[in-house]
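Subject: Structure for you to look at

Hi,

Here is the structure I promised to pass on. Please open it alongside this email, and I will go through what turned up.

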Amino acid sequence: MKSKGSVRLTFDGGSRGNPGPAYGSFRVRGTGAAAPLQTLRRLRFPQGTNNEAEYWSLLEGLRWTIKEARAKRLSPAELDLSVRGDSLLVIRQLEGEWKARDSRMRGLRDEANSLLGRFKHVQLRHRPREQSVAEF
């Protein structure tokens, strides 16, 4: 089956203190049939670590993309997804190159992989912080 469009999801997260009050953001840009999928969201989370905030931001972005795609009568299984973030830990854990030793991090990784599995094709790309932030 040919892809009906592509989506680029850029995510970022952090905390003030580690753990501390956490925050994040994600940006979605679609092309082709997925062109209506466009947003920029800023997020606040309860206490968390930098790594948790990165995962929480990614998860919120994935959930939003899946929900909005369905609302526009697009199946995520017909969309190519490019995920970009400056968290080397999140990207490498999702790629399976790095282990998630902490049970909380394993749970976040597994949830993200489950959501990523709904898309036709997924590309994970680590980007230096200055490049990721420039997309916001």
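To begin with a question: is phenylalanine 26 buried or exposed? Phenylalanine 26 counts as buried, because its relative accessibility is 2% and buried means under 20%. Please keep in mind that this is a predicted model.

Next, the aromatic rings. Searching the whole structure gives 2 aromatic pairs. In one of them, the ring centres of phenylalanine 26 and tryptophan 64 are 6.5 Å apart and the planes sit at 50°, so this pair is tilted. Since phenylalanine 26 belongs to strand E2 (residues 20–32) and tryptophan 64 to helix H1, the pair ties together parts 38 residues apart in sequence. Tryptophan 64 is buried too, at a relative accessible area of 13%.

The other pair is phenylalanine 45 with tryptophan 56: here the centres are 5.3 Å apart and the planes are at 55°, so this pair is also tilted. Phenylalanine 45 is in strand E3 (residues 38–48) and tryptophan 56 in helix H1, so the parts tied together are 11 residues apart in sequence. Both phenylalanine 45 and tryptophan 56 are buried.

Finally, the helices. H1 (residues 50–71) packs with H2 (residues 88–95) at an angle of about 65°, and their axes are 9 Å apart. Their crossing is right-handed. On the H1 side, the contact is made by Asn51, Glu54, Tyr55 and Leu58, and on the H2 side by Leu89, Val90, Gln93 and Leu94. Sorted by class, this contact has 5 nonpolar, 2 polar and 1 charged residues.

Key. Residues are numbered from 1 along each chain as its sequence is written. This is a predicted model: local features need pLDDT of at least 70, side-chain atom pairs count only at pLDDT 80 or more; totals for chains, interfaces and linings use all residues. Side-chain values use heavy atoms; hydrogens and water are left out. Axes are lines fitted to C-alpha atoms, for helices over the stretch in contact, and angles run from 0 to 180 degrees between N-to-C directions. Helices (H or I, at least four residues) and strands (E, at least two) are DSSP runs, numbered from the N terminus. A crossing is left-handed if the near helix is turned anticlockwise from the far one by less than a right angle, and right-handed if clockwise. Contact means heavy atoms within 4.5 Å. Ala, Val, Leu, Ile, Met, Phe, Trp, Tyr, Cys and Pro count as nonpolar, Asp, Glu, Lys and Arg as charged, and the others, Gly among them, as polar. Rings of Phe, Tyr and Trp (its six-membered ring) pair if their centres lie within 6.5 Å; planes under 30 degrees apart count as stacked, over 60 as edge-to-face and the rest as tilted. Buried means under 20% relative accessible area, exposed over 50%, partly exposed in between (1.4 Å probe, protein chains only).
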